[in-house]
Amino acid sequence: MFRKNRHGIQVKSPEQLEKMRAAGLVVGRTLQLLRESVEPGMTPLDLDAIAEQAIRDAGAIPSFKGYQGFPATICASVNDEVVHGIPADAHVLRDGDIISIDCGAILDGWHGDSAITVPIGEVAPELTELMRVTEEAMWRGIAALTVGRHLSDVGHEIERYVRSQGRYGIPQEYGGHGIGTEMHMDPWVANHGRPGKGPKFEAGMCLAIEPMVNMGTDRTRVLADDWTVVTIDGKPSAHFEHSVAVTHNGPWVLTALDGGKERLGGLLCSGVNENGVKPGDEGLRL
């Protein structure tokens, strides 16, 4: 049985959250492997092959491959590509590039979804800063996933942090989403907006939080392949994402190997142990 609240948002039981965590770890470990593997001279298609092998070796299924016709295991978006880049052999990665890698897996019917942006060799300082700002914005949004806060608080925290760091663009038409027995579920999670709006968070909700931040304008367009989103001005973009469960002990980052302990820290993640497990009044055990 899959329970939904009055807003139509799927609410997981403790046992279902454990399954979500298992799927999340497949994705988290795959992205860790890709981060360690990427180097100049490789192509996104090389990374796609590594990802598919890792996911299948873990007993899971790549959730992107075949999704609405998408042809690959990962989305690989290089430099000015914002999201949904199709891995190809023609695009050789060069020193100074950045690549956003979005990855999803299904394990026992449950989904995990996460993304990272990584440098290729030595990159310009402004690209390092772009990646830092985007990743920190994601963690600021994740920290808002506490029982009783509102859906729009996530986008507000993301936007507030990004705006405080400089003149960056936040694409308005792309954002996060609910996740569980499907990869994309209600609710949609904006990366901008005013706080205190929308449904309140309750324990058992799971959402994918994924800010995309552009070096320049927030305006984008989709290429002729009907997938790849690029910035209008040709400036670089970064993308980070984690799948997160709302619990009575705060956010549990299902696709982070440590459950979010290091980056959230302190009071928010006081219930996460060194193995990324968040026990407590929900009875979660892995």
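Which residues in α3 meet which residues in α4? In this predicted model, Arg 132, Val 133, Glu 136, Ala 137, Arg 140 and Gly 141 form the α3 side of the contact, and they meet Val 154, Glu 157, Ile 158, Tyr 161 and Val 162 in α4. Two packed helices are described by the angle between their axes and the distance between the axes. Here, α3 and helix α4 (residues 152-164) pack at about 150 degrees, and their axes lie 8 Å apart. Angles over 145 degrees count as roughly antiparallel, and α3 and α4 are therefore roughly antiparallel to each other. Their crossing is right-handed.

Leaving aside residues up to four places away in sequence, Ile 101 touches Leu 31, Leu 34, Leu 47, Ile 74, Cys 75, Ser 114, Ala 115, Ile 116 and Val 118.

Aromatic pairing makes a brief story, as a search of the whole structure finds 1 pair. Its partners, Phe 70 and Trp 227, are arranged edge-to-face, with 5.0 Å centre to centre and 80 degrees between the planes. The pair links distant parts of the chain, 157 residues apart: Phe 70 sits in the loop between β3 (61-62) and β4 (74-78), and Trp 227 in the loop between β12 (220-222) and β13 (229-231). Both Phe 70 and Trp 227 are buried.

Terms used:
Residues are numbered from 1 along each chain as its sequence is written. This is a predicted model: local features need pLDDT of at least 70, side-chain atom pairs count only at pLDDT 80 or more; totals for chains, interfaces and linings use all residues. Side-chain values use heavy atoms; hydrogens and water are left out. Rings of Phe, Tyr and Trp (its six-membered ring) pair if their centres lie within 6.5 Å; planes under 30 degrees apart count as stacked, over 60 as edge-to-face and the rest as tilted. Helices (H or I, at least four residues) and strands (E, at least two) are DSSP runs, numbered from the N terminus. Buried means under 20% relative accessible area, exposed over 50%, partly exposed in between (1.4 Å probe, protein chains only). Contact means heavy atoms within 4.5 Å. Axes are lines fitted to C-alpha atoms, for helices over the stretch in contact, and angles run from 0 to 180 degrees between N-to-C directions. Angles under 35 degrees count as roughly parallel, over 145 as roughly antiparallel, 65 to 115 as roughly perpendicular and the rest as oblique. A crossing is left-handed if the near helix is turned anticlockwise from the far one by less than a right angle, and right-handed if clockwise.
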